[in-house]
Amino acid sequence: MFPKRLFSNAGFSFNLVPKNKPSVTSLHQCRVLHTTLSRKGLEEFFDDPKNWGEEKVKSGAAWTCQQLRNKSNEDLHKLWYVLLKERNMLLTLEQEAKRQILPMPSPERLEKVIESMDALDKVVQEREDAIRLLQTGQEKARPGAWRKDIFGRIIWHKFKQWPIPWYLNKRYNRKRFFAMPYVERFDRLRREKQARIQTRKKSLEKKKAKYLQEKFPHLSEAQKSSLV
Amino acid sequence: MEFSHIAPLPSAGGCRLDIGYPLYQLGNPQLRVFRTNFFIQMVRPGTVQPEDTVQFRIPMEMTRVDLRNYLERIYSVPVAAVRTRVQHGSNRKRDHRNVRVKKPDYKVAYVQLAHGQTFTFPDLFPEKKRSPSGEDSVQEELLEEQRKRQSRDPRRGGVPEWFGL
């Protein structure tokens, strides 16, 4: 028996792992999902043997963020590993196809799996962010600070984990979070350049708006509001 | 860190992180990674390997211990031994601008299965005999008609058309 290819449009079912079953007391409130667990080991690196040699293999759409947000944490955890096995299988197939100099059947499956996994990761990060904000009020997982670097730029400096305090850290103390006075003119030049770019952008938008106003006076918003 | 109170399934290994793993100091709890970032692919061996050996391409950050845990916990494959090496991807080829093109480096792992199990890499692209399916039969009939129209004059005895007379 091979596990069903679990794409979002196909049926979705799981069995809880029989050994090392975690004690979940609130199980009666969740919808229990069932499937067969394939125990064939290395055969999970390959597709269903019926699909070997086919030119196309049908597959459903990728998981979207909204669909994944409706799933519980346990479901997402299990889905991650299902997608991981599917991705390993597709990578194996891709490599073998390159080796045999033959086209891989339906390479879009790999893209869909990668997209699903990225969406899952995004949903999990959102949940983690929410929990962290509620529990501690920290917006970012990794601490940091706005500092001026040696070039005079204001950057978001991300902190690293060290076993020693900063004043004993030779490598950290060699970094300079200040700019010498001779850097001021270069900072000024950089700011002037940015200002010129912004002004050019704004004047271009104004010019386009003026051109459209001249060409289509009847479509202007000022006229609409005056009519109302 | 990540839902440790909700999903206490044991970690199968680490993951690839841009910043590196969190710092460990004596007395810290065991680092648990809940969703591995490691993706491996099985490859057909280039040279003949013993029957119990399976060859994988694994990410550079993965160790043989990681791979053993990965296979044992995610795929329930009993592993006796793992050996790894890093394959250098060639940097010798040059493109039209004479700029060197690097093929990525990768790590190869040779896994020996336990309990006397053997494994041979299967043929994933067997030739299949196709009976004319309902969708393609019309196209195939058209192709056959075209071939009949373009067939050469049998009286020429296999001589091509571009010969005079």
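Reader: What is a salt bridge, and how many salt bridges does a search of the whole structure find?
Author: A salt bridge is a side-chain nitrogen of Lys or Arg within 4 Å of a carboxyl oxygen of Asp or Glu. The model searched here is predicted.

Reader: In what order do the elements of chain A run from the N terminus?
Author: Chain A has 6 helices and 2 strands. From the N terminus on, the order is α-α-α-β-β-α-α-α.

Reader: What share of the residues in chain A is buried?
Author: Buried means under 20% relative accessible area. Chain A has 228 residues. The buried share of them is 27%.

Reader: How much area do chain A and chain B bury between them?
Author: Contacts link 44 residues of chain A with 41 residues of chain B. The size of an interface is often given as the accessible area lost when the parts come together. Carbon and sulfur atoms hold 65% of the buried area here. Between them, the two chains bury about 4100 Å².

Reader: How many salt bridges are there between chain A and chain B, and which element of chain A gives the most to the side that touches chain B?
Author: The count of salt bridges between the two chains is 3. Helix 2 (73–100) and helix 3 (108–135) of chain A each supply at least two residues of the side touching chain B. With 17 residues, the element that gives the most is helix 2.

Reader: What separates Asp187(A) and Arg191(A) along helix 5 of chain A?
Author: These two residues form a salt bridge, with the closest N and O atoms 3.5 Å apart. Asp187(A) is buried at 16% relative accessible area, whereas Arg191(A) is exposed at 51%. Both lie in helix 5 (residues 184–215), 4 residues apart, so their separation is about one helical turn.

Reader: How far apart are the closest N and O atoms of Arg155(B) and Asp153(B)?
Author: Arg155(B) counts as exposed, at 75% relative accessibility. Asp153(B) counts as partly exposed, at 31%. The two form a salt bridge, and their closest N and O atoms are apart by 3.2 Å.

Note on methods
Residues numbered from 1 in each chain as written. Chains lettered and ligands numbered in written order. Predicted model: local features only at pLDDT ≥ 70, side-chain atom pairs only at ≥ 80, totals over all residues. Heavy atoms only, no water. Buried < 20%, exposed > 50% of the residue type's maximum accessible area, 1.4 Å probe, protein only. Contact = heavy atoms within 4.5 Å. Buried area = accessible area lost by both parts, 1.4 Å probe.
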